[in-house]
Amino acid sequence: MIQYILYKYALKQYILIMASVVTKEGEIRMVQKKVFISSICFFLVVIIALSIIVVWQRNQIQGKQAEKASANVNMIDLRYGDSFNELQIFDIEGNSVTFAFGEKNNILFYLSASCQSCVDVLRFSERLQAIFSEEDLRISFLWCDNIPVSLLEQYNINTENCYSTNGISALGASTPSAYIIDNQGRITYYNSDIKITIEKLYNQITDLQDNLEKLQLNANQYLMREFNLVDLTRKQVVYFYMEGCPDCAAADAILNSEDISKDFDLHYLYKYDDTEPFHFKDDYALFRLVYGIKWYPSFLVLQEDETYKIVGEVPLETLMNEIVGQ
């Protein structure tokens with residue numbers, strides 16, 4: 001209705017402008033030019049105004065629809081000791097199902113398909129599962145909206161471990177959040193800080209099971225795949241590196257010197273909070289936990305026959321001897 005009124009008003013003004021054009025022969029061309037320019041400017045203003053009105057009306061409609069949908073969502077605030085079995089959930093095909101939990105250790109990530117941080121967690125979960133084997137840890141995912149099938153395929157996620165509330169209910173937690181749960185689905189710990197939750201999970205698993213060496217061997221295999229390390233007859237050194245670290249800069253000068261670097265291959269593993277998007281990072285400090293890294297720089301030296309050693313804080317004068325035995 002508003003658009004129609006504006007259109008009629010614009011048309012009326014245009015007619016009045018054209019009717020008021022003087023007809024003196026010497027002035028007609030100049031007046032026509034002014035009328036043309038004025039008409040173009042006026043119509044541009046009308047078009048912009050109409051566009052603003054259309055966008056405003058659309059936003060109003062979408063806002064009311066969102067409020068209506070939100071009012072129909074059942075908000076559930078799960079805390080310590082509560083069970084995830086209280087939730088109505090659905091599988092990737094939309095069938096109503098119940099959670100499946102592992103016998104030993106379980107972690108559940110609460111995610112949203114529209115959340116970029118959730119995509120980071122999904123990508124990280126592949127690394128987490130590679131280090132904590134499926135035998136020791138079951139990773140589940142609960143989406144508050146739809147399950148993003150394309151992302152599951154991209155990050156090789158088992159669809160059987162994926163669930164959704166289909167918008168019927170939502171947890172009183174932000175996305176992403178992580179829940180450590182027992183084999184009955186009861187919450188033993190939860191936090192929206194994924195790094196803290198991973199540390200809690202690591203401590204739980206290593207306290208209950210004497211398998212630290214197994215985790216380190218799994219981590220070795222993962223890093224060998226990621227760095228494409230196939231020739232272990234030559235020493236392969238994974239460098240736990242932190243930008244802005246003076247000791248790292250001093251170590252760099254030694255390790256990258258021409259007469260030294262010929263003895264091994266160096267692979268940088270940047271600290272978890274590194275901001276460079278193309279760096280290979282220790283997301284959520286998982287490797288720092290598994291290898292017990294307490295100092296930057298530190299080094300993981302991979303050798304033949306699955307032997308390895310971790311070099312931590314040492315004087316620069318003895319660094320090369322520690323790494324390659326020189």
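**Overview**

I started with the elements and found ten helices and 13 strands in the protein. Both are DSSP runs numbered from the N terminus, helices being H or I over at least four residues and strands being E over at least two. I am working on a predicted model, where local features need pLDDT of at least 70 and side-chain atom pairs count only at pLDDT 80 or more, while totals for chains, interfaces and linings use all residues. Residues are numbered from 1 along each chain as its sequence is written, and side-chain values use heavy atoms, with hydrogens and water left out.

Next I checked burial: of the 326 residues, 40% count as buried. Buried means under 20% relative accessible area, exposed means over 50%, and partly exposed is in between, with a 1.4 Å probe and protein chains only.

I then turned to contacts, meaning heavy atoms within 4.5 Å. Taking those between residues at least 6 apart in sequence, 67% join residues at least 24 apart.

**Cores**

I looked for nonpolar cores, which are sets of buried Ala, Val, Leu, Ile, Met, Phe, Trp, Tyr and Cys residues joined through side-chain atoms within 4.5 Å. The largest has 70 residues, and Phe 109, Leu 128 and Leu 255 have the most contacts inside it. Helix H3 (residues 116-131) supplies the largest share of this core, seven residues. Another core lies apart from it, with 16 residues, including Leu 87, Leu 108, Ala 170 and Leu 171.

Which residues does Phe 109 contact, leaving aside its neighbours within four places in sequence? I listed Val 121, Ser 125, Leu 128, Ile 139, Ser 140, Phe 141, Leu 142, Ser 177, Ala 178, Ile 194 and Ile 198.

I ran the search on a 1 Å grid over the protein atoms alone. A cavity is a set of points where a 1.4 Å probe fits but cannot get out, and a pocket is an open set with protein on both sides within 12 Å along at least five of seven lines. Lining residues have an atom within 4 Å of a point. Grid points are joined across faces, edges and corners, and a volume is the space filled by probe spheres set on the points.

How many cavities of 30 Å³ or more does the whole structure hold? I found one. The largest cavity contains about 40 Å³ of space. Its lining is made up of Leu 111, Ser 112, Ala 113, Cys 115, Cys 118, Val 119, Leu 122, Trp 143, Pro 148 and Leu 151. H3 gives the largest share of that lining, three residues. By type, the lining divides into nine nonpolar, one polar and no charged residues. For these classes, Ala, Val, Leu, Ile, Met, Phe, Trp, Tyr, Cys and Pro count as nonpolar, Asp, Glu, Lys and Arg as charged, and the others, Gly among them, as polar.

The largest pocket holds about 750 Å³. I counted 30 lining residues, with Arg 123, Phe 124, Ser 125, Glu 126 and Arg 127 nearest its centre. H3, strand S5 (138-143) and helix H6 (212-226) are the elements that give two or more residues to this lining. H3 gives the most, with eight residues. The pocket lining divides into twelve nonpolar, six polar and twelve charged residues.

**Backbone notes**

I went through the peptide bonds and noted that the one from Thr 175 to Pro 176 is cis, with omega near 0°. Pro 176 sits in the loop between strand S7 (169-171) and strand S8 (177-181). Thr 175 is partly exposed, at 27% relative accessible area. Setting aside residues up to four places away in sequence, Thr 175 touches Tyr 110, Leu 111, Ser 112, Cys 115, Cys 118 and Cys 144. Thr 175 and Ser 114 are 61 residues apart in sequence, yet 9.8 Å apart in space, C-alpha to C-alpha.

I also noted a cis peptide bond joining Tyr 296 and Pro 297, with omega about 5°. Pro 297 is in the loop between helix H9 (286-291) and strand S12 (298-302).

Where does Asn 156 lie? I placed Asn 156 in the loop between helix H4 (149-154) and strand S6 (162-164). Its phi is near 55°, a positive value in a residue other than glycine.
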